[in-house]
Amino acid sequence: MSNKYLPLLASLLTIASLPASAQKGAANGEWRTYGGDLASTRYAPLDQINKGNFNQLEVAWRFKTDALGPRPEFNLQATPLMVDGVVYSTAGTRRAVVALNAATGELLWMHSENEGKRGENAPRQLSGRGLAYWSDGKEARIIYVTPGYRMVALDAKTGIPVQRFGKNGIVDLKLDADQTMDLDTGEVGLHAAPVIAKDVVIVGAAHRTGARPKTYRNQRGFVRGFDVRTGKRLWIFHTLPAPGEPGSETWEGDSIRNNGNVGVWAQMSVDEELGLVYLPVEMPTGDHYGGHRPGNGLFGESLVAADLRTGKVKWYFQLVHHGVWDHDIPAAPILADIVVDGKPVKAAAQPTKQGWVYVFDRVTGKPVWPIEERPVEQSDVPFEKTSPTQPFVTRPAPFERQGVTPDDLIDFTPELRAEALQIASRYKMGPLFTPPVVSRFPGPLGTLMLPSITGGANWQGAAFDPETKLFYVYSVTGISSLGLVKPDPGFSDMHYVLGVAPNPDAATSSMKEGEREAPSDQLTVRGLPMVKPPYGRITAIDLNKGDIVWQIAHGDTPDNIKNHPALKGLTIPRTGRPGRIGTLVTKSLVIAGEGGFATTPTGQRGAMLRAYDKATGADAGAVYMPAPQTGSPMTYMMDGKQYIVVAISGGTYSGELVAFRLPNN
Amino acid sequence: MNNRTYLLRSRRTLAMMGLGGLVAAGALAQGGPTVWDGVYNAEQAERGREIYATTCALCHGPALGGVESAPPLTGDQFNANWSGTTIADLAERIRISMPVDKPGTLSRPQLAAVVAYILKVDGFPAGAAELDPQLVTSSPVKIISNKPE
């Protein structure tokens, strides 16, 4: 036996010795599913790359995605898979599927669908977040969802559509959907990768973003299970119930007949032993105005555990009642086997935009630590009826700041703070769950919201170490304004959509020549973020105890802060940077790239792929990338070498997969 | 250098060669005009606001704040992506990729107006003259988040 097989053997022995559980991380040096395993741990027990050598990483290969569609893509969000020496990924503006040699990045095959008008109208464009792999030991398939919302099965060896699946390899997801929609213009799509377990493919649904919907009678976002061999629909779960179905009683009046969305646009997790798929559900139509949907609106903003084989609800928990904050549940819950107060718990840990990780017993749906219904401020927006209470997580402590007070505003200097307070005076401030307001000029222009509309955490989710029980989540500290305006005539049938009351004197600029303009609706102070840093952070939480173990700013300080004239002479600690940053956990490291471009320590423009000691959060190395991380990193072993692959893009840099490994010496 | 529309015809060819050319054009602009020099005017930005509202806001948000899949066009994330590049870089990126469902459909005057609006929202001052629509994708004007001293 040559040495190249030793790591594989070691991995097999390691896996064989583990107790049966839902989460083991990515096994056998491969990465077979989007989240590393069906528990979405994003963990791989590999340690060839470690804190002693991370800085020595070199580029093994890179795969540019420009020619996979009619134009380059600048927001590559995929996490590739690696199975049996082949890397699979979605990429390019048509969401092509590529198979690459895992050692060299050489293109083995490519499949692409030109969907014409259907593709052009897709609510979720571009290359998506990934794909799914399935094999029964005899044949192997790649399954993905196109921008036009068709599910395609490909032979993993050749890329040729599997004729026995659907119609010539394709299942049209706009059909057999318990609702009617135009095949070209019906507003349903999906960025997420399907999940496959026990020969069932589960597919969610996404829509256009909902801050300013054209209609509250939008398409609905049902979840379906399909036979992986034939593509036949096995079940459908009405995330927005039909009249008379369980949950329908939470929709008042006729609202249940006249609302849409409530899709599952995030990744899902599966416990095959329990036979349950965990569905993070988004909110109904209208991210910030619920006047057309009175009631709590199940199963909006709920975590739902459904039977893998039938789609029937086993349990659910609504995280936000009648939401008006866009607190869609954005990522897969992590299935974690933990020990709380001496008792083993099969848990589901749900990261959220609002900065809490909600921890449930995933068998019963009961919170592991109390989640309390507490009174919250009520909306005064016409026709709006917000919920008198909202669920508050009591443990773990939030991983993000929640709500806005003057203490949250920038305080690098007294002058900057005074300006921040002046801007804030034109907005409403308050704790988490402070409702939006009708925007008025000169104020209040809106309700300040922190975490922002995009979180907190978002689609990139979190990671988990099944050995130490530490949960890792990257989050953004940012601020949004929730102001509502009446839509322009003909634009929408909603009473209100997100917007800012215009400055009636906007066309007349009163600024001094050459000075920075301070627009009425921008939450910056002389170009600096209005809130205190860190702007991007990674938090490690011990899920056995519910304690935050460490928290660090992730990402070097942005150039405009380092070089800002108002901060001359000040020592600003590393501020971290915002982004959509997924984390990867290995035997000893937490690995994540930076968001946004900056001048790196070598003077190059780009971003760093960073590693931290996973026990302490201490810096463990960094390596240069020419562009920020935009897809979550993954890792695998190939011919005895560990690789880390990450999708990068942004600004003028088009999408690229970059693979790192250690030098040959 | 205020109130000028910056033209650099000889660099247009470079810009048309693709992004590599654009970076080269940006490099040539070292020490040259910047977005602090009043490179668009208020009327153009107002036209850009109207185009943005109908063409861009659905993905990038009414206040340019971004959503799950579309990055912010203002604040620290805009600075991180675009500070150090040129107006040509930004305009060319919009030209070839936006709006995402119908790329390449903005006319040059519309494209220049949208760029003007983004500059206005990001706090860069207006001037007297418009950003020249015909040369916006080759404009060497540098985007610098902090005002040069």
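## Overall size of chain A

Let's start with size: a compact globule of 665 residues would have a radius of gyration near 26 Å, and chain A agrees with this at 24 Å. Here the radius of gyration is taken over C-alpha atoms, and the globule rule is 2.2 Å times the number of residues to the power 0.38. Along its principal axes, the C-alpha trace of chain A spans about 75 × 65 × 55 Å.

## How to read this model

This is a predicted model, where local features need pLDDT of at least 70, side-chain atom pairs count only at pLDDT 80 or more, and totals for chains, interfaces and linings use all residues. Residues are numbered from 1 along each chain as its sequence is written, chains are lettered from A and ligands numbered from 1 in the order in which they are written, and side-chain values use heavy atoms, leaving out hydrogens and water.

The predictor's confidence in each residue is called pLDDT and runs from 0 to 100. Chain A averages 94, and 94% of its residues score at least 70. A contact means heavy atoms within 4.5 Å.

## Inside chain A

Chain A has four helices and 40 strands. These are DSSP runs, numbered from the N terminus: helices are H or I with at least four residues, strands are E with at least two. Of the contacts in chain A between residues at least 6 apart in sequence, 62% join residues at least 24 apart.

Buried residues make up 66% of the 665 in this chain. The word buried means under 20% relative accessible area, exposed means over 50%, and partly exposed is in between (1.4 Å probe, protein chains only).

## A look at A:Asn121

Now let's visit one residue. A:Asn121 sits in the loop between α2 (116-120) and β6 (132-135) of chain A. It counts as partly exposed because its relative accessibility is 23%.

Leaving aside residues up to four places away in sequence, A:Asn121 touches A:Asp184, A:Thr185 and A:Arg208. A:Glu187 is 66 residues from A:Asn121 along the chain, and their C-alpha atoms are separated by 7.9 Å.

## Chain B

What secondary structure does chain B have? Chain B has seven helices and zero strands. Of its 149 residues, 58% count as buried. Among contacts in chain B with a separation of 6 or more, 77% are between residues 24 or more positions apart.
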